[in-house]
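Dear colleague,

Please find below the structure that I am handing over to you.

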Amino acid sequence: MEQEGISWKIGGEAGYGIMTTGYIFAKTCSRAGLHVFGHTEYPSLIRGGHNTYQVTAMVSEVFSHVKHVDLLVALNEETIDLHIEELALRGGIIHDEDNTVLSNEKKNRDDIRLYSIPLRQLAEESGGRRIMTNSVAIGASAALVGLNFEMLSNVIGDVYHGKAKEVVEGNIKAAQRGYSYMRKQGMGKEFGPRIPKTLRKRRMLLTGNHAVGLGAIKAGCKFYSAYPMTPASSILHFMASQERRFNLVVKHAEDEIASINMAIGASFAGVRAMTATSGGGFSLMSEGLGLAAMTETPLVIVVSQRPGPSTGLPTRTEQGDLRFVLNASQGDFPRFVIAPGDVVDCFYRTIEAFNLSEKYQCPAILLLDKYLSESHKTTEQFEVSKIVIDRGLMIDDETLEEDKEFKRYKITATGISPRTIPSQKKGRFTATGNEHDETGYVSEDKAIRTKMMNKRYRKFRHARKEIPEPTLLGPKNAEVTMIGWGSTKGPIREAMRLLKREGIDANLLQIVYLSPFPKNSVARILETAERVVVIENNKTAQLARLIMEETGIEVKEKMLKYDGRQFFPIDICRYVKEASRIG
Amino acid sequence: MVDLADLTTIEQPNWCPGCGNFPIWHALKSAIIELGIDPFNVTIFSGIGCSSKMPHWINTYGFHTIHGRPLPVATGARLANTDLTVVAVGGDGDGYGIGIGHFIHAMRRNLNITYLVTNNQVYGLTTGQTSPTSDRGFSSKSTPTGVIEVPINPIALAIASNATYISRGFSKELNHLTQLIVDGIRHEGFALIDVLQPCVTFNRKNTYKWFSERIYKLEDTNHDITSKQAAFQKSLEWNNHIPIGIFYEETRPTYENELPQIAETPLAKQEIQDIDITSVMAEFF
Ligand SMILES: Cc1ncc(C[n+]2csc(CCOP(=O)(O)OP(=O)(O)O)c2C)c(N)n1
Ligand code: SF4
């Protein structure tokens with residue numbers, strides 16, 4: 001046991017509600033006052049294949065999934081075969097002898113505790129179908145780790161809210177069966193990890209995509225258009241579910257080209273608009289991205305990465321699109337690229353993306369990945385009282401009256417031009433993807449071209465000043481400074497905790513703003529750091545190359561992973577330790 | 001009230017002299033004047049091509065987008081502000097080639113958008129290559145031995161895609177075309193106006209003369225514009241007799257009318273300064 005709490009994993013065949021079951025367990029732990037991280041892994045198919053959901057629930061804050069499992073719920077034999085080696089010493093397996101035949105060798109292992117429960121039989125006895133074996137298993141898990149049953153049954157009721165009464169009641173009954181069975185048999189007294197009863201604090205449990213959606217709604221995003229693509233789809237689902245409550249228009253468009261162009265049209269008409277996709281969809285959006293840039297139409301685009309090239313590993317995670325989003329579309333133009341590292345970041349940075357995008361009339365890209373988009377994490381309720389909505393230089397009709405001649409692309413000291421929206425009497429103009437003069441007329445004049453390029457880039461000189469500087473997480477002076485971006489923040493923070501236990505002081509330079517790149521502060525930190533390791537979920541160390549390009553500093557030590565899976569904290573810890581010894 | 005001076009821009013069109021886009025440009029302005037819509041409440045979206053430059057030369061709001069995408073951009077704007085009159089303009093390459101997917105979806109969606117396709121059966125701006133509506137056998141730089149495919153039939157496609165207003169105009173019939181645009185803008189829902197637009201520089205086959213010898217007006221016949229079957233029959237006529245006028249019109253609820261979230265206030269006019277998200281956050285506990 002690393003710290004007080006539990007690492008629980010459920011595995012089984014795809015199509016049997018593993019994710020919902022896992023989420024129910026995660027939410028119950030959260031309601032019990034624990035910090036929770038919920039991580040799901042699944043293949044790109046709807047039936048068959050192996051799904052898992054892992055809940056790491058701890059007394060102190062937990063930032064990522066972990067490699068070890070204390071309690072494994074195996075809904076089929078494959079789960080045992082695939083995950084038995086992840087079990088912690090004296091970890092347990094809940095399984096049904098009906099569908100899992102265990103070798104004697106496994107049965108006789110004294111480092112593992114087997115809890116054989118007639119899951120299916122109990123489900124059937126409670127009138128349920130096969131899918132309810134999951135609920136029996138969470139009931140049994142709850143009993144084993146000391147979760148309160150009422151809490152669990154409330155969560156089941158909430159999660160299945162809106163479903164038929166039989167579904168809700170059937171699942172609660174099934175869970176009750178599992179719970180009582182475990183209690184009656186007196187099983188599990190020797191099982192170590194238990195959830196303390198005294199915690200009261202409640203937190204939200206949500207994914208990065210939920211936090212982005214919440215941030216967008218808070219920011220006043222009224223128009224959302226998208227085409228389904230894992231792992232961005234759940235933003236579409238969330239926004240669509242909130243359409244009526246917040247008076248949004250959510251459009252499932254015919255493709256990503258339409259999605260981005262619809263969002264551009266809505267923004268042009270004066271509405272905060274967003275679209276989201278993954279790399280493949282973003283490829284189709286490239287031309288639209290340039291249109292937003294050239295017409296200086298604000299736009300927020302979420303790109304949630306999955307491994308490429310092409311369809312790649314559709315439901316897995318990777319950070320392979322950094323260079324792509326930084327450079328997508330023809331020509332040079334400024335764009336914001338912001339990579340939140342956790343759910344809290346997802347919320348606040350989304351709001352910031354809207355403000356920056358409108359203030360500087362530039363596209364803003366939020367760069368996530370599957371791990372951040374789809375993993376659940378507990379967090380305090382977002383603090384909304386200090387949030388500011390800054391719509392930038394939108395000029396009102398009175399000011400327009402005073403203006404002799406309105407120029408939408410007026411050359412100004414900041415590069416930011418006054419903006420009008422259709423229906424403003426004196427603000428008429430035509431936006432164009434062609435190079436244009438201050439009025440908006442197409443122009444190929446060389447002097448105008450140069451001035452316009454400079455004007456658009458001048459905005460970034462000013463934007464740089466208001467972009468928060470990257471900060472070091474952890475001790476200021478450390479033996480090793482890890483550099484990361486995006487979702488690796490979680491595992492790296494966990495690794496820092498492990499390293500500390502081993503007596504190694506490590507800190508993290510998390511780079512959130514990738515464009516404009518905070519080169520001065522990054523250079524300063526790197527120059528004084530004792531040892532620097534860049535940690536990235538991609539093949540070619542895309543951030544390290546960006547750092548080189550921006551600061552001239554080469555980060556030699558790189559820990560890279562590109563198997564479609566997130567880093568485990570323990571592996572980062574080992575890498576840092578071992579390399580220390582070698583060094 | 002709006003007059004021609006109000007719609008006039010500093011810049012003037014740079015189309016080839018005699019280009020079939022000039023009358024379309026005039027007709028669109030005349031239609032706006034006839035309808036008496038304030039020009040600041042009109043937005044004209046276009047793609048890329050000769051005709052797509054049109055928004056620059058009409059003093060309304062305009063958005064000269066990218067090749068094939070005027071309809072999605074117009075869709076977003078229309079959904080954002082239902083008080084706007086939304087017009088889209090583009091070539092046949094733009095709308096029936098690269099943008100054909102959006103075209104079909106826009107028709108089944110039935111937003112209140114008037115779409116003018118300046119159909120010159122060539123790619124004008126890129127120097128006259130074959131377009132999706134070029135007649136079979138048409139030879140050009142991209143098909144020196146003649147087009148092998150049969151052309152897209154936009155009218156038939158529109159009927160099959162459930163467009164609610166489908167018409168065809170001809171550049172030389174200015175008043176007739178103006179009336180079609182007026183009807184199209186008045187129509188509640190998506191209106192397609194396919195305009196036979198001679199390209200005097202690159203299309204030596206489908207010329208003013210060629211069309212003048214063949215066209216006739218549907219309103220001069222007993223064509224029933226409420227009948228899909230009749231419209232489809234008419235849509236198949238080409239070569240010898242070419243009908244212009246309204247092929248089909250029906251009333252169907254528009255997409256935007258199905259959205260209670262904008263029934264009272266268009267998105268663009270909704271207050272966003274202090275949106276209270278407490279109730280959604282509560283659901284995550
Ligand atoms: C994505 C993309 N592909 C190709 C082009 C080059 N291009 C510009 S206009 C055009 C076709 C123009 O034909 P049409 O849409 O019929 O308009 P016209 O010029 O005849 O009015 C093409 C292929 C482009 N601008 N963008
Ligand atoms: S090339 Fe053809 S379509 Fe283009 S401006 Fe000239 S005549 Fe008109």
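The notes that follow cover salt bridges, a ligand shell, pockets and cavities.

This is a predicted model, in which local features need pLDDT of at least 70 and side-chain atom pairs count only at pLDDT 80 or more, while totals for chains, interfaces and linings use all residues. Residues are numbered from 1 along each chain as its sequence is written, chains are lettered from A and ligands numbered from 1 in the order in which they are written, and side-chain values use heavy atoms, with hydrogens and water left out.

Salt bridges

A salt bridge is taken here as a side-chain nitrogen of Lys or Arg within 4 Å of a carboxyl oxygen of Asp or Glu. Over all chains, the count comes to 46 salt bridges.

One of them joins Lys201(A) to Glu380(A), with the closest N and O atoms 2.8 Å apart. This pair links distant parts of the chain, 179 residues apart: Lys201(A) is in the loop between helix H7 (165-184) and strand S7 (204-207) of chain A, and Glu380(A) is in the loop between strand S14 (376-379) and helix H15 (397-402) of chain A. Helices (H or I, at least four residues) and strands (E, at least two) are DSSP runs, numbered from the N terminus. For accessibility, buried means under 20% relative accessible area, exposed over 50%, and partly exposed in between (1.4 Å probe, protein chains only). Lys201(A) is partly exposed at 43%, and Glu380(A) is partly exposed at 36%.

A second example is the salt bridge of Glu494(A) with Arg497(A), where the closest N and O atoms are 2.8 Å apart. Both residues lie in helix H17 (residues 489-501) of chain A, 3 residues apart, about one turn of the helix. Glu494(A) is buried, with a relative accessible area of 7%, whereas Arg497(A) is partly exposed at 24%.

Glu557(A) and Arg531(A) also form a salt bridge, their closest N and O atoms being 2.8 Å apart. Glu557(A) lies in strand S21 (residues 557-560) of chain A and Arg531(A) in the loop between helix H18 (519-528) and strand S20 (532-536) of chain A, so the pair ties together parts that are 26 residues apart in sequence. Glu557(A) counts as partly exposed at 22% relative accessibility, and Arg531(A) counts as buried at 16%.

Ligand 2

The residues around ligand 2, meaning those with a heavy atom within 4 Å of it, include Trp15(B), Cys16(B), Cys19(B), Cys50(B) and Asn120(B). By class, this shell has 7 nonpolar, 3 polar and no charged residues. Ala, Val, Leu, Ile, Met, Phe, Trp, Tyr, Cys and Pro count as nonpolar, Asp, Glu, Lys and Arg as charged, and the others, Gly among them, as polar.

Pockets and cavities

The search runs on a 1 Å grid over the protein atoms alone: a cavity is a set of points where a 1.4 Å probe fits but cannot get out, a pocket is an open set with protein on both sides within 12 Å along at least five of seven lines, and lining residues have an atom within 4 Å of a point. Grid points are joined across faces, edges and corners, and a volume is the space filled by probe spheres set on the points.

The largest pocket has a volume of about 1,100 Å³. Of its 31 lining residues, Tyr23(A), His210(A), Ser234(A), His376(A) and Phe284(B) lie nearest its centre. The lining divides into 11 nonpolar, 13 polar and 7 charged residues. Domain 1 (5-202) and domain 2 (206-379) of chain A both give residues to this lining, so the largest pocket lies between them; the domain bounds come from an automatic or database domain assignment.

The second largest pocket has a volume of about 490 Å³. It is lined by 23 residues, and the closest to its centre are Phe406(A), Arg428(A), Phe429(A), Thr439(A) and Asn59(B).

The whole structure holds 7 cavities of 30 Å³ or more. The largest cavity has a volume of about 120 Å³, and among its 14 lining residues the closest to its centre are Phe37(A), Phe63(A), Gly341(A), Asp342(A) and Leu372(A). Helix H17 of chain A gives the largest share of this lining, 3 residues. Domain 2 (206-379) and domain 4 (472-577) of chain A both contribute to the lining, so the largest cavity lies between them.

Yours sincerely
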